[in-house]
Amino acid sequence: MEEVTPTRSAVIELAEEQRAMREGYVFLDEKCLLLAGEMLRQIRQYSLFKMEFAALQQQATVSLRAAVQRHGMDGVQCYPAPDLAAASSERRQRKLMGVLLQEAAWLATAQPAPAAVRPSPEAAACELAHRTLLAKAAQLAATSGNLERLYQEYRRASRRARALQDVLLPELDQTMRQFEVRLEELE
């Protein structure tokens, strides 16, 4: 800190700075609480999506196994795939304390696949199971990204709050005490 002559106006300025720092600390502390609450909500959402994804993945595996049993590995590999060029994802965004949060949905508006030489209900079920899995993957990915962004912002706000509480405010308190002692000596 630069050398400042202890005067009553300097003490008043330091007191105002101290008040602003305390308000900043309170704001950062409340921000951390809000971010932590949203992280908990997102973790619950992520856990739900992950369980649903695991169940859908199991169904996709079973349907793929059935399609392979019916057509053989070569038959499944040669089965015509739908054109996903027209498919897209829909994202809704919102901000919480400056953190971008997203919700995503996979819009499976794929063009129908060319007709298969030997169509089967197993292959159709396999295609549907994997489309459903892809839709859930979009939701899971958006939630995972939200958690990462929330965590980074929480860490940043928490570090700033600790710096205010543990370093800057004690230094300011010490400087104010020194100024007051010097002023008393001068009087």
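Which residues lie nearest the centre of the second largest pocket? Some notes on that and a few other things.

1. First, the ground rules. This is a predicted model, with local features needing pLDDT of at least 70, side-chain atom pairs counting only at pLDDT 80 or more, and totals for chains, interfaces and linings using all residues. Numbering runs from 1 along each chain as its sequence is written, and side-chain values use heavy atoms, leaving out hydrogens and water.

2. On the opening question: Gln45, Phe49, Gln102, Glu103 and Thr143 lie nearest the centre, out of 15 lining residues. (A pocket is an open set of points on a 1 Å grid over the protein atoms alone, where a 1.4 Å probe fits, with protein on both sides within 12 Å along at least five of seven lines; lining residues have an atom within 4 Å of a point.) S2 gives the largest share of that lining, 5 residues.

3. The lining here divides into 5 nonpolar, 6 polar and 4 charged residues. Nonpolar means Ala, Val, Leu, Ile, Met, Phe, Trp, Tyr, Cys and Pro; Asp, Glu, Lys and Arg are charged; the others, Gly among them, are polar.

4. Now the largest pocket. Its 15 lining residues include Ala81, Pro82, Cys126, Glu127 and His130, the closest to its centre. H2 supplies the largest share, 6 residues. By class, this lining has 11 nonpolar, 2 polar and 2 charged residues.

5. Finally, H2 bends by about 40 degrees at Leu164, taking the bend as the angle between axes fitted to the seven residues ending there and the seven starting there. Helices (H or I, at least four residues) and strands (E, at least two) are DSSP runs, numbered from the N terminus.
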